[in-house]
Amino acid sequence: MLGGVCASAACSSEGGDGAGQGTGGVAAGNVSAVPVGHLAFVSGASAILGRDAGGLYAMSAICTHQSCDMSERGAIASGVVSCACHGSKFSATGEVTNGPASSALRHFKVELAADGSITIQKGSAVDAATRAAVPG
Ligand code: FES
């Protein structure tokens, strides 16, 4: 069990993609378990990890409508991220495909270590086209 106790008010950040994660890196498993086509919530991180032909990418799991954490109140199925709060849907790369949300999900920098471990840098926003290349 990770961090059950919030030690400061910063743990419940508003507007929050942070939700206790601060700006540090979030471990997101090993690339060996993340095939092309992968799209899933990262447990406990309010984030989504994806992999397409270009490599790895990460997005916020916080709905851009009214900030529901879709990893707790939502789902991912068939490449669609759905918010259970008011029905917004996002594509596999975070574009809005169904309102009421009107803004795309934020993307975060992904780092891939030599041993294959993946770290999501939630403090580093990147363009939606940014990928962490996976060595062939
Ligand atoms: S908070 Fe997600 S649809 Fe409203």
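**Figure 1. Pairing of strands S6 and S7 in the predicted model.** Serine 82 has lysine 89 of S7 as its bridge partner, in a model that is predicted rather than determined by experiment. The two strands concerned, S6 (residues 80-83) and S7 (residues 89-90), run antiparallel to each other and are joined over two bridges.

**Figure 2. The four-stranded open sheet.** Strands S6 and S7 belong to an open sheet of four strands, whose order is S5-S6-S7-S8. Its pairing is antiparallel. Strand S5 (74-77) and strand S8 (96-98) are the edge strands, and each of them pairs on one side only. Strands of a sheet pair through backbone hydrogen bonds, in either a parallel or an antiparallel manner.

**Figure 3. The six-stranded open sheet.** A further open sheet consists of six strands in the order S1-S10-S9-S4-S3-S2, again with antiparallel pairing. Because S1 and S2 stand at the edges and each has a single partner strand, one side of each is left without a neighbour in the sheet. From one strand to the next, the twist averages 30°.

**Figure 4. The hairpin of strands S2 and S3.** Strands S2 and S3 are paired in the antiparallel sense over four bridges. Together they form a hairpin in which four residues lie between the strands. Glycine 44, located in the turn, has a positive phi of about 75°. Valine 42 is placed opposite alanine 47 of S3.

**Figure 5. Pairing of strands S4 and S9.** Alanine 58 stands opposite phenylalanine 108, a residue of S9.

**Figure 6. The largest nonpolar core.** The largest nonpolar core comprises 28 residues, of which Val42, Ala47, Ile48, Leu49, Ala58 and Ile120 touch the most other members. Two or more residues each are contributed by strand S1 (25-30), strand S2 (39-42), strand S3 (47-52), strand S4 (55-60), S6, strand S9 (107-112) and strand S10 (117-126). S4 supplies the largest share of this core, namely four residues.

**Figure 7. Surroundings of isoleucine 48.** Isoleucine 48 is one of the core residues that touch the most other members. When its neighbours within four places in sequence are left aside, isoleucine 48 is in contact with Leu39, Ala40, Phe41 and Val42, as well as with Ala58, Met59, Ala61 and Val81. Among these partners, Val42 and Ala58 are likewise listed with the core residues that touch the most other members.

Notes. Residues are numbered from 1 along each chain as its sequence is written. This is a predicted model: local features need pLDDT of at least 70, side-chain atom pairs count only at pLDDT 80 or more; totals for chains, interfaces and linings use all residues. Two strands pair if DSSP finds at least two bridges between them. A nonpolar core is a set of buried Ala, Val, Leu, Ile, Met, Phe, Trp, Tyr and Cys residues joined through C-beta atoms within 7 Å. A residue is buried if 20 or more other C-beta atoms lie within 10 Å of its own, exposed if 12 or fewer, and partly exposed in between; C-beta atoms are placed from the backbone. Two residues are in contact if their C-beta atoms, placed from the backbone, lie within 7 Å. Axes are lines fitted to C-alpha atoms, for helices over the stretch in contact, and angles run from 0 to 180 degrees between N-to-C directions.
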